[in-house]
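Here are my notes on the model, point by point. Please read them with the structure open.

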Amino acid sequence: MTTNARKVSGDGMDAEFFNFSPKGDYRLRLTVEVVKRADLSDNLQPLSVENMTEDVEVYETNTELNSGTLCYTVDGWRKFMSDNHLEFGHMLHFTYVTSQKKIVLNDVTSI
């Protein structure tokens, strides 16, 4: 499984790994950092998502407006939540792996 991000000199971010933790919801809005690292603003493309048993599925990405702000989402997110027995409101702890353009689910915590 993927290692955690670590701070490095320069821009303060690890070039390979980026951690983020959204609440479980009917959609996954991608963070600005993931959008940047995946080059989604220039070219919408599929992203791989790895669950905690290391199964990988590929999901399309989409855009949506949220209060006038352009957001990037993962299509089919309800299926991922259901397939992995995740509940709305769980905290989902992911790492984005830049070189693989892959989101890895590392941990889930209940609220």
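1. Ground rules. E5 and E6 run antiparallel and are joined by six bridges. Before going further, note that the model is predicted: local features need pLDDT of at least 70, side-chain atom pairs count only at pLDDT 80 or more, and totals for chains, interfaces and linings use all residues. Residues are numbered from 1 along each chain as its sequence is written, and side-chain values use heavy atoms, with hydrogens and water left out. Helices (H or I, at least four residues) and strands (E, at least two) are DSSP runs, numbered from the N terminus. Two strands pair if DSSP finds at least two bridges between them.

2. The three-stranded sheet. E5 and E6 belong to an open sheet with the order E2-E6-E5 and antiparallel pairing. Strand E2 (28-29) and strand E5 (61-66) are the edges; each has a single partner strand, so one side of each lacks a neighbour in the sheet. Asn-62 has Thr-73 in E6 as its bridge partner.

3. The five-stranded sheet. This open sheet has the order E1-E7-E8-E3-E4, and its pairing is mixed. The edges are E1 and E4, each with a single partner strand, so one side of each is left without a neighbour in the sheet. From one strand to the next, the twist averages 25 degrees; axes are lines fitted to C-alpha atoms, for helices over the stretch in contact, and angles run from 0 to 180 degrees between N-to-C directions. E1 and E7 pair in the antiparallel sense over four bridges. Phe-17 is bridged to Val-97 in E7.

4. Strand E3. Which way do E3 and E8 run? They run parallel, joined by three bridges. Ser-48 stands opposite Lys-102 in E8. With strand E4 (residues 56-59), E3 runs antiparallel over four bridges, and Glu-50 faces Val-56 there. The hairpin of E3 and E4 has five residues between the strands, and Glu-54 takes a positive phi near 70 degrees. Both faces of E3 are covered: Leu-47 and Val-49 are buried on one side, Ser-48 and Glu-50 on the other. Buried means under 20% relative accessible area, exposed over 50%, partly exposed in between (1.4 Å probe, protein chains only).

5. The core. The largest nonpolar core has 22 residues, and Phe-20, Leu-30, Trp-77, Tyr-96 and Ile-103 touch the most other members. Such a core is a set of buried Ala, Val, Leu, Ile, Met, Phe, Trp, Tyr and Cys residues joined through side-chain atoms within 4.5 Å. Elements that each supply at least two of its residues include helix H1 (32-37), helix H2 (77-83) and strand E8 (102-109). Leaving aside neighbours within four places in sequence, the contacts of Ile-103 include Phe-20, Leu-30, Leu-47, Val-49, Phe-94 and Tyr-96. Contact here means heavy atoms within 4.5 Å.

6. Gln-45. This residue is in the loop between H1 and E3. Is Gln-45 buried or exposed? Gln-45 is buried, at a relative accessible area of 17%. Its side chain reaches the backbone oxygen of Ala-38 at 2.7 Å. Beyond four places in sequence, Gln-45 is in contact with Ala-38, Asp-39, Leu-40, Thr-61 and Lys-101.

7. Salt bridges. The count comes to seven, where a salt bridge is a side-chain nitrogen of Lys or Arg within 4 Å of a carboxyl oxygen of Asp or Glu. One joins the side chains of Glu-64 and Arg-29 (3.1 Å, N to O). Glu-64 lies in strand E5 and Arg-29 in strand E2, so the pair ties together parts 35 residues apart in sequence. Glu-64 is partly exposed at 24% relative accessibility; Arg-29 is partly exposed at 29%.

8. Two further pairs. Glu-57 and Lys-79 meet in a salt bridge (3.6 Å, N to O). This pair links distant parts of the chain, with Glu-57 in strand E4 and Lys-79 in helix H2, 22 residues apart. Lys-36 and Glu-33 also meet in a salt bridge (4.0 Å, N to O). Both lie in helix H1, three residues apart, about one turn of the helix. Lys-36 is exposed at 56% relative accessibility, whereas Glu-33 is buried at 19%.

Technical notes:
A polar contact is a pair of N or O atoms within 3.5 Å; within protein, one must be able to donate a hydrogen and the other to accept it, and residues adjacent in sequence count only if both atoms are side-chain atoms.
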